[in-house]
Amino acid sequence: MSDDLTKRRPQDASTINLSQQWEIDYWTKTLHTTEAKLRIAVSKVGSYVSDVKEYLRNH
């Protein structure tokens with residue numbers, strides 16, 4: 001399955017994909033965080049949105 005680049009919402013809303021800038025922009029806006037903090041969170045806990053939300057809430 002490939003990404004449909006005409007859509008600006010993730011195909012899988014349960015994971016964060018840091019390989020597309022528009023998706024990084026989407027998640028930073030959605031999670032009210034910066035790109036740097038998003039990247040740190042994903043590197044620490046993985047790409048599942050629920051885990052990233054918890055990490056951001058606690059750090």
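Helix H1 (residues 21-31) and helix H2 (residues 35-45) of this predicted model pack with their axes 9 Å apart and at an angle of about 95°. Axes are lines fitted to C-alpha atoms, for helices over the stretch in contact, and angles run from 0 to 180 degrees between N-to-C directions. H1 and H2 are therefore roughly perpendicular to each other, a term covering angles of 65 to 115 degrees, whereas those under 35 count as roughly parallel, those over 145 as roughly antiparallel and the rest as oblique. Helices (H or I, at least four residues) are DSSP runs numbered from the N terminus, as are strands (E, at least two). On the H1 side, the contact (heavy atoms within 4.5 Å) is made by Gln21, Ile24, Trp27, Thr28 and Leu31, and on the H2 side by Glu35, Leu38 and Arg39. By class, four nonpolar, two polar and two charged residues take part in the contact of H1 with H2; Ala, Val, Leu, Ile, Met, Phe, Trp, Tyr, Cys and Pro count as nonpolar, Asp, Glu, Lys and Arg as charged, and the others, Gly among them, as polar.

Residues are numbered from 1 along each chain as its sequence is written. Local features of the predicted model need pLDDT of at least 70, side-chain atom pairs count only at pLDDT 80 or more, totals for chains, interfaces and linings use all residues, and side-chain values use heavy atoms, with hydrogens and water left out.

Within H2, the buried residues are Leu38, Ala41 and Val42, where buried means under 20% relative accessible area, exposed over 50% and partly exposed in between (1.4 Å probe, protein chains only). These residues cover an arc of only 95° around the axis, which puts them on the same side of H2; the arc is that of the directions from the helix axis to the C-beta atoms. The buried residues of H2 pack against H1 and H3, while Lys37, Ser43 and Lys44 are exposed on the other side of H2. Gly46, with a positive phi near 100°, follows H2.

In helix H3 (residues 49-58), Val49, Val52, Tyr55 and Leu56 are the buried residues. Seen down the axis of H3, they fall within an arc of 125° and so line one face of the helix. This buried set packs against H1 and H2, whereas Arg57 and Asn58 are exposed on the other side of H3.

The loop between H1 and H2 contains Thr33, which is buried, with a relative accessible area of 17%. Apart from its neighbours within four places in sequence, Thr33 is in contact with Thr28, Leu38 and Leu56.
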